Amino acid sequence: MRAMVAAMCFLAAVGLSSAHAVQPDEIMSDPAKEARARDLSRELRCMVCQNQSIDDSDAPLARDLRLLVRERIAAGDSNSQVIDFLVARYGEFILLRPRFERQTLLLWLVPPLVLVAGGLALWMHSRRRPKAGEGAGAAPLTADEEARLRQLMAQDTPSDI
């Protein structure tokens, strides 16, 4: 019985993970064009949710964008023409993966530069740090301290040796 419940939970989790917001009335009759529309929908950001593709979003604007993508595909536009049309209308923000262009140069280059700068800072910090046993910053003992240390060491030595 436990195995059956576990199997049902697993199937439910797998089924939920692949759920999309595309409604049956949006699906195109040509499977090749529908596949293109789905691929494009996964690349476009929902302007309401902002961290979901329009393929995954249930927002009314996402539905409108999915229908617009399908209309453009039905009209004979290529994938790049559909993307260019949407970018011209909504700006680069609609792309989940922005293009590598002059306007997005900082977006693409800042993360690797921060990583390199962090590595360089760690390397410089490790070179400046004194190694274990090398002048840990302790001042030499005074004559009184040395005398006290000898006295303490003499008390600790066993007399029967």
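Start with the whole protein chain: among contacts (heavy atoms within 4.5 Å) between residues at least 6 apart in sequence, 50% join residues at least 24 apart. This is a predicted model, so local features need pLDDT of at least 70 and side-chain atom pairs count only at pLDDT 80 or more, while totals for chains, interfaces and linings use all residues. Residues are numbered from 1 along each chain as its sequence is written, and side-chain values use heavy atoms, with hydrogens and water left out.

**The overall view**

Switch to cartoon view. The protein chain holds 6 helices and 0 strands; both are DSSP runs numbered from the N terminus, helices being H or I with at least four residues and strands E with at least two. Of the chain's 161 residues, 20% count as buried, where buried means under 20% relative accessible area, exposed over 50% and partly exposed in between, using a 1.4 Å probe and protein chains only.

**Stop one: helix H3**

Select residues 60–74, which is H3. This helix has 15 residues and reaches 21 Å from its first C-alpha to its last, close to the 21 Å expected at 1.5 Å a residue (the expected span is 1.5 Å times one less than the number of residues). Now show the side chains of Ala62, Leu65, Arg66, Leu68, Val69, Arg70 and Ile73: they are buried in H3. H2 and H4 are among what covers them. Just past the helix, Gly76 takes a positive phi of about 100 degrees.

Is Arg70 buried or exposed? At 4% relative accessibility, Arg70 counts as buried. Leaving aside neighbours within four places in sequence, Arg70 is in contact with residues including Glu26, Glu34, Arg38 and Ser41.

Next, click on Ile73, also in H3. Ile73 is buried, with a relative accessible area of 1%. Then pick Lys33: Ile73 and Lys33 sit 40 residues apart in sequence, yet 6.9 Å apart in space, C-alpha to C-alpha. Lys33 is also one of the contacts of Ile73, along with Met28, Arg36, Ala37, Leu40 and Val82, again leaving aside neighbours within four places in sequence.

**Stop two: helix H4**

Move on to residues 79–90. H4 has 12 residues and reaches 16 Å from its first C-alpha to its last, close to the 16 Å expected at 1.5 Å a residue. Which residues of H4 are buried? They are Val82, Ile83, Leu86 and Val87. These cover an arc of only 130 degrees around the axis, which puts them on the same side of H4 (the arc is that of the directions from the helix axis to the C-beta atoms). They pack against H2 (31–43) and H3. After H4 comes Gly91, whose phi is positive, near 90 degrees.

**Last stop: the core**

Finally, select Leu44, Ile54, Val69, Ile73, Leu86 and Ile94. Of the 18 residues in the largest nonpolar core, these touch the most other members. Such a core is a set of buried Ala, Val, Leu, Ile, Met, Phe, Trp, Tyr and Cys residues joined through side-chain atoms within 4.5 Å. H2, H3 and H4 each supply at least two residues of this core, and the largest share, 5 residues, comes from H3.
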